[in-house]
Amino acid sequence: MSQRHLVKGKLTSRGKYDKYNDEYEDEEEKEEERKLLRKMDSRLLPLVTLLYVLSFLDRVNIGNAKLANIEEDLGLTGNQYNWSLAIFFIGYVLFEVPSNIMLAKTKPSIWIPTIMVGWGIVMTLMALVIDFEQLMAARFFLGAFEAGLFPGIVFFITMWYIRSEQNYRIGIIYAGATLAGAFSGLIAYFIMNLDNKFGISGWQWIFLIDGLITILIALLAYFFISDYPETAKFLTNNERTLAIKRLKYDAGSGHLTHFEKEYVLAAIKDWKVWSAMFIYIGIVIPVYSFSFFIPAIVNGMGFDTVISQLLAAPPFIFGSISTVIVAITSDRLATRGLLLLICCVISILGYLLLIIPGISTPGKYTGACIVGIGIFPSVPTSITWLNNNLAGNVKRATGSAMMIAFGNIGGAISSQIYQSNEYTIGHMIAVCFLFVTIAFIIIQYGLLKMENKTKIRNPEQILAGRSDSEIRNLGDLHPEFIYSL
């Protein structure tokens, strides 16, 4: 059997366990695979989605605390509130790569709940802060502990699903958090009704309740996270064998599972990782600035405060829906870059409606919804694109963490691009970053396509002069590993 073949016009690295290949699988094998996927989805996705939703809510609930008068109670002045947003991402960026390396060296059922307990404690203690300095310290440590969750979840998904199935799963997880963002204000509204109960302010109740819920779920997660297919107790022996075999066939000779420092260095030196980092930061700046300031942007269109909170929800809802649609389409068509490019273009069109003078209020609000439709699916698609093109657990964990860490520098930038009540300049900055992102997408797509052609036409050139040991450790550089476009 050939190790590479054309399936519906798409080149795949291996055949038998690719869900798009119909040539080598009989109906019985297909049904076994479908049953396995349903079983993994039902056990893995609800839990990790819940964990990420908690992470997202704990990160953005400071916006709800602002409405509950945290600025007045702590005496925040000038840009101090903006800096309390930015400091989170500094902690996030510094600890993201170390956290994912620790995840690769330990196991998800230990590391992920542990960092959750950490940020849950920090979130609970945030209810006790009394000034700007303490708030800054708490937000920094919140970012430090949360740093490992999203890249950890992405790495976790790649350990269970083959490349053509990953974007849908990551998209579902991200869409869940996006949808939660739409209703975070409603949740905070009910919590704020406890204002002054037992002498505790509304914003303190928000931090207390969110933090304690996180700690409780984290403690339960120690018992419910299944690490890897090899050790999963909820799978039968046959299912474990099938799950492992699918992953090996998908990666071909790029399948590497042991920990070596050289794989960390390989990720650091890989141009694909650096290109993905610049793509991701260009996406994250619009995503976070839009998420942080959409209530204020809507309010600036002339709506009152209450209506603005309600109208801030639909862009998130539309974004959640489009995230799932793009993820499904991306996996079924086995393409990443083209759909990512389209999403960025859609976002730019939405921003233009917000920027161009003379556009009516309904037109501007439609523009805000279009931004959500385009920008939110870009996050999981860009992350999946990189993870699909890195082979080996350690290199993938390191590269993914580098990408997300660098991108989250954009989170700090995003907290500063909207100043006062002037939003046009912020919109224009977001558009500029999206144009830069598009340029990197086109360049990366072209380079990956060229490397695939080299692997197909002249694999001997890649293997020439290498020892058997070096060939076994080539990972994604191996000619059998065909890059996802």
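1. Accessible areas here come from the Shrake-Rupley method with a 1.4 Å probe, and for residues only the protein chains shown count as cover. On that basis the accessible surface of the protein comes to about 20000 Å², with 66% of it belonging to carbon and sulfur atoms.

2. The model is predicted, so that local features need pLDDT of at least 70 and side-chain atom pairs count only at pLDDT 80 or more, while totals for chains, interfaces and linings use all residues. Residues are numbered from 1 along each chain as its sequence is written, and side-chain values use heavy atoms, with hydrogens and water left out.

3. The protein has 20 helices and 2 strands, these being DSSP runs numbered from the N terminus (helices H or I, at least four residues; strands E, at least two). Along the principal axes, its C-alpha atoms fill a box of roughly 70 × 50 × 40 Å.

4. Of the 485 residues in the protein, 57% are buried, where buried means under 20% relative accessible area, exposed over 50%, and partly exposed in between (1.4 Å probe, protein chains only). Among contacts (heavy atoms within 4.5 Å) between residues at least 6 apart in sequence, 80% join residues at least 24 apart.

5. F278 deserves a separate comment. This residue lies in helix α11, which spans residues 271-299, and F278 is partly exposed because its relative accessible area is 34%. Apart from neighbours within four places in sequence, F278 is in contact with F406, T437 and F440. The C-alpha atoms of F278 and I110, which are 168 residues apart along the chain, are separated by 31 Å.
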